[in-house]
Amino acid sequence: MSGSVHVVILAAGLGTRMRSKKAKVLHRAGGLTLVEHVVRVALEVAPPGQVTVVTGHQADIVEQVLAPYGVRFARQTEQRGTGHAVMCCRDAVAGAGPEDLLVILYGDSPLLSAATVRRLVERQQASQDAGIVITTTLDDPTGYGRVLRDSAGHIQAIVEQKACTPEQAAVREINSGIYAFRNALVWRHIGEIGTNNPAGEYYLTDIVEILRAQGHAFSILHLDDAAEVMGINTRVELALVDRIFRERKATELMLAGVTIVKPETVTIDTGVEVGQDTVIEPFAQLLGTTVIGSDCRIGACSIVDSSAIADGVDIAPFTMVGTSTVESNAHIGPYARLRMDNHVEAGAHIGNFVELKKTRLGAGSKSMHLAYLGDSVIGRKVNVGAGTITCNYDGRKKHQTRIGDGAFVGSNSTLVAPVELGEGSYVGAGSVITHQVPPEALAVGRGRQVVKERWAARRKAKEPAGSTK
Ligand code: UD1
Ligand code: CA
């Protein structure tokens, strides 16, 4: 069989055992929703137009989350079982070529690797059998469908937990729910699945017996690594799977030359990239689409979300960076916050308790202590004094602050936007700046200091004797 591959991902169920208002496949592990992990694996063996996701509970949200992947959807309005879910894909898949394969994946089994699915597909492509199922052996098979083999070791049937006799319940080989079928055979026989079982559902697992009764052989791909096919049913399993994803990611990065101190404490999402010889300290979180260069430090307890960090950047502990770009050799933190949409140029320095929002900080510029820089464009080699605040909001609208190259902003200055400081200009400490400052000028906007000589002595003389004030 050498036809092309179609994938159906079952993701319509609510997942009652999650005890959640949210559909199970929308819960997150390893930084992605469960169903996204499965879609990514599917796209390794089939083009997006041949991947169909069955949606039901919160279908609109699931379809929105998956829209960027370009996959197709089939709605299952009433969840009447895994067999019924596949039936809902008839329009999307049944017309495929007679030689094509149909792979079934579950939206709640996100640990499955692309390598395993590829193996499944290759085995089925090389065989004349009706299909192949992935199984594994568990110490505690409770809740899973049991795989029944005949004396020759061939699969006979899959029996669900609820329908098991005590003898069948003792079988420890379980159905992963992941199969590859000869597509045409599925559509010829799927209508024969009934609901004669304790749950009254259409069980996809019944197709094995149905095809066997038609004289077709069915084979097994047994996995030694049970974790790969672990289905998530509860939040306890969700946490376990999240831990496995984090371990996988940390191991992959360490093997590629990243130092991770206390790797069991860090959270690095599946999509994150990190360059060689970067050091990631304990409890750091690298989230979303973050890309980090080589020779960086990500300080303890720092959080970097969907940001691009170039080579040699030093992020000191307890720093937050959100959707920002940081160029090479910049230094940020400790205790700094780059809120969103910032661009920090090469070699710039951001110190403790400095917040940036929608701000560009030029190469070599410094803001070392206690500042808020919002909606600002700051040139190169600027010195922003401690306590500088850009007043970017007038109660209705946001306004911009522009600071030219080489400017010096004295400590505790208040820059009332819109405002511009020219190149090489100076602002005296404690100023409130409301008007443009020309290049090279000094602006001082504060009450002039008044000194009253011998004032204390005069005050004392006025006080009545014996006053305690
Ligand atoms: C299923 C298998 C069981 C296997 C186990 C592995 C059947 C009958 N049983 O049981 O043999 O050991 O998976 O994890 O197939 N879904 C739909 N529509 C439905 C029902 C389910 O889309 O009407 C989706 C769910 O969203 C989920 C997946 O199918 O992603 C599996 O459903 P679930 O109810 O968890 O099946 P299990 O009882 O775990
Ligand atoms: Ca399940």
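Reader: What distance has the polar contact that joins the side chains of T142 and D140?
Author: This is a predicted model, in which local features need pLDDT of at least 70, side-chain atom pairs count only at pLDDT 80 or more, and totals for chains, interfaces and linings use all residues; side-chain values use heavy atoms, with hydrogens and water left out. Residues are numbered from 1 along each chain as its sequence is written, while chains are lettered from A and ligands numbered from 1 in the order in which they are written. A polar contact is a pair of N or O atoms within 3.5 Å (within protein, one must be able to donate a hydrogen and the other to accept it, and residues adjacent in sequence count only if both atoms are side-chain atoms). For the side chains of T142 and D140 the value is 2.4 Å.

Reader: Where is T142 found, and how far in space is T142 from Q161, C-alpha to C-alpha?
Author: T142 is in the loop between strand 7 (131-137) and strand 8 (146-149); strands (E, at least two residues) and helices (H or I, at least four) are DSSP runs numbered from the N terminus. In sequence, T142 and Q161 are 19 residues apart. In space, the C-alpha distance between T142 and Q161 is 7.0 Å.

Reader: Which residues are the closest to ligand 1?
Author: A residue counts as near a molecule if one of its heavy atoms lies within 4 Å of it. Around ligand 1 there are 22 residues. They divide into seven nonpolar, 11 polar and four charged, where Ala, Val, Leu, Ile, Met, Phe, Trp, Tyr, Cys and Pro are nonpolar, Asp, Glu, Lys and Arg charged, and the others, Gly among them, polar. The closest are Q76, G81, T82, E160 and N175.

Reader: How much of the accessible area of ligand 1 does the protein cover?
Author: Oxygen atoms of ligand 1 lie 2.7 Å from a polar side-chain atom of T82, 3.1 Å from a polar side-chain atom of Y106 and 3.0 Å from a polar backbone atom of L10. On its own, ligand 1 has 760 Å² of accessible area, by the Shrake-Rupley method with a 1.4 Å probe.

Reader: In what does ligand 1 sit, and which elements give two or more residues to the shell around ligand 1?
Author: Ligand 1 sits in the largest pocket, meaning that more than half of its atoms lie within 2 Å of the pocket's grid points. A pocket is an open set of points on a 1 Å grid over the protein atoms alone, with protein on both sides within 12 Å along at least five of seven lines; a cavity is a set where a 1.4 Å probe fits but cannot get out, and lining residues have an atom within 4 Å of a point. The shell gets two or more residues each from strand 1 (5-11), helix 3 (82-87) and strand 10 (173-182).

Reader: What volume has the largest pocket?
Author: The lining has 38 residues, of which R17, T82, D108, E201 and N233 lie nearest the centre. By class, this lining has 13 nonpolar, 19 polar and six charged residues. Grid points are joined across faces, edges and corners, and a volume is the space filled by probe spheres set on the points. For the largest pocket this is about 1200 Å³.

Reader: Which element gives the most to the lining of the largest cavity?
Author: The whole structure has one cavity of 30 Å³ or more, and the volume of the largest cavity is about 50 Å³. Its lining is H37, V38, V41, L105, Y106, S109, P110, L112 and I178. Two or more of these residues come from each of helix 1 (34-42) and strand 6 (101-106). With three residues, the most comes from helix 1.

Reader: What is omega for the peptide bond that joins A417 and P418?
Author: P418 is in the loop between strand 35 (414-416) and strand 36 (419-421). The bond from A417 to P418 is cis. Its omega is about 0°.
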